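Student: I would like to learn how to read a few features of a protein model. Can we take them one at a time?

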Amino acid sequence: MAARKRRGPKYPGVVLIKPNKARRSGWQARYKSPDTGKTKHETLPAELTTLEQREQWAVGKSRELVERRMELEKGAPRATGGKLAEAIKRYFSAHPQLRPRTVEAYEAATAKLSVWADGVGLRSADDLTRAKLMAFRETLIRQPKNSAVKGGKRGEQTPLRELRSPERVNSELRKVRTVLGYLVDADLFPRLTRDDLRRALKRLPVTHERIEYMRAPELQKLLEAALVHDAEMFAETRDEHVGARPVGSTARYEPIAPFVSFVLLTGCRLGEALALEWTQTDLDALDHEGRKVGEIHLTGAATKTHKARTVGLEVSPALRDMLTIMQKAARGKGSVFGLSRGTAEAAAKRLRADYGAPKSFTWQALRRTCGTYLTNAGGIFGAASAYRSAKQLGHSVQVAERHYTGLVRGIPASARTLEAAMQIEEVMGRVLSPAEQQEPVGRQLEKVSARL
């Protein structure tokens with residue numbers, strides 16, 4: 001009689017272990033990890049109460065192990081056993097050249113991923129999959145807006161009923177995708193690919209509205225508010241009380257009108273303007289007709305695009321005059337404005353809240369306004385408006401054509417300068433005039449001279 005054929009196991013490579021009452025453990029599975037070659041023990045889900053259910057689970061696990069071995073044979077990266085938080089830290093240690101604000105923004109976005117992962121019990125980088133990343137994306141989408149607590153501690157916030165904007169969510173998704181993309185290339189996430197990141201962290205659809213810029217009356221109102229702000233004095237300081245200086249001669253705030261004028265008439269980003277040094281200015285630079293018009297050289301380290309560019313001052317003679325006055329007093333050394341980002345942001349908030357500046361005023365709004373007028377004022381750059389304004393602001397010609405062309409109408413063809421196109425010639429004259437309002441420039445130059 002022929003020997004009976006022995007059947008192989010239903011789930012090769014997986015051994016089911018009965019519960020151990022002494023150790024208070026339930027059903028477990030033992031198998032060898034294809035990635036590390038080490039034996040692993042995994043507790044079966046509690047809902048698997050019958051033998052049939054447990055065997056089905058073991059069959060699925062066995063197939064998963066076979067598929068994983070095949071992936072490794074084809075060159076897939078092996079599981080590292082590393083923690084998710086440690087993997088994320090590697091991105092920042094590998095990019096020491098990132099600007100502090102960039103690091104701050106990326107850390108805030110990836111911190112949300114870490115918090116979410118801890119909440120769902122996902123601590124290993126080996127366990128992050130496309131499906132789990134999609135669950136994280138859904139969490140970001142459902143996250144409500146936060147509002148500062150009135151009368152609360154600094155930084156204290158409370159959630160609102162309203163959800164965050166798609167643009168805000170997309171910004172965080174982009175940052176997380178950038179960090180994880182680098183780490184996927186470093187083989188720290190064996191169960192993720194670049195395609196998984198694209199599919200799991202897909203951007204939300206957004207509506208594209210018309211670019212908002214500040215109109216001539218708003219610009220006049222803003223500069224008026226800045227002049228009033230800079231003329232604000234303390235009633236009496238200690239030095240004034242003891243007679244060391246005249247009463248009412250101490251400025252209450254750092255002057256901001258020159259800085260507002262500069263950002264508006266150059267279209268520089270806030271960081272670019274704050275980082276500007278006198279060594280980057282050439283106020284005697286000539287135009288193609290040999291006239292002194294001046295120019296500013298922004299280094300690649302200071303620009304958002306990491307590309308150096310030149311900002312010509314021929315579009316605003318008033319701005320060149322203002323910088324000439326400031327440069328003489330500062331002797332061409334050090335920072336042009338001597339302001340920090342915090343000081344500039346606080347001043348903008350103060351102008352809106354206390355001095356009547358338009359609510360639409362932000363530093364980014366000034367940049368958009370400059371681009372709008374440069375692109376639409378035919379008397380400044382003529383037929384090359386889109387190209388020249390793009391070069392001035394440091395973005396592509398497509399951006400100028402898509403967002404700025406045809407946005408503002410009615411600019412006189414005779415307007416050859418930005419201050420004329422914006423209708424702020426009169427108020428810019430008061431920013432410059434030593435007889436009427438020289439404090440915004442003068443006080444700042446006194447401080448610069450004293451430091452030197």
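Tutor: We start with terms. An axis is a line fitted to C-alpha atoms, for helices over the stretch in contact, and angles run from 0 to 180 degrees between N-to-C directions. Helices (H or I, at least four residues) and strands (E, at least two) are DSSP runs, numbered from the N terminus. The model is predicted: local features need pLDDT of at least 70, side-chain atom pairs count only at pLDDT 80 or more, and totals for chains, interfaces and linings use all residues. Residues are numbered from 1 along each chain as its sequence is written, and side-chain values use heavy atoms, with hydrogens and water left out.

Student: At what angle do the axes of helix 2 and helix 3 cross?

Tutor: Angles under 35 degrees count as roughly parallel, over 145 as roughly antiparallel, 65 to 115 as roughly perpendicular and the rest as oblique. The axes of helix 2 (residues 84-93) and helix 3 (residues 100-119) cross at roughly 170° and come within 10 Å. Helix 2 is therefore roughly antiparallel to helix 3.

Student: Which residues of helix 2 make the contact?

Tutor: Contact means heavy atoms within 4.5 Å. Helix 2 contributes Leu84, Ile88, Tyr91 and Phe92. Among the residues on the helix 3 side are Val103, Tyr106 and Glu107.

Student: Which residues of helix 2 are buried?

Tutor: Buried means under 20% relative accessible area, exposed over 50%, and partly exposed in between (1.4 Å probe, protein chains only). An α-helix has 3.6 residues a turn, so residues three or four places apart point the same way. In helix 2, Leu84, Ala87, Ile88, Tyr91 and Phe92 are buried. These residues cover an arc of only 150° around the axis (taken from the directions from the helix axis to the C-beta atoms), so they lie on the same side of helix 2. Lys89 and Ser93, on the other side of helix 2, are exposed. The buried residues pack against helix 3 and helix 5 (166-185).

Student: In what order do the strands of the open sheet run?

Tutor: Two strands pair if DSSP finds at least two bridges between them. Here three strands form an open sheet in the order 6-7-8, with antiparallel pairing. Strand 6 (281-282) and strand 8 (309-312) are at the edges with a single partner strand each, so one side of each has no neighbour in the sheet. Strand 6 pairs with strand 7 (residues 295-298) over two bridges. Asp282 has Glu295 of strand 7 as its bridge partner.

Student: Is Ser261 buried or exposed?

Tutor: Ser261, in helix 9 (residues 257-266), counts as buried at 1% relative accessibility.
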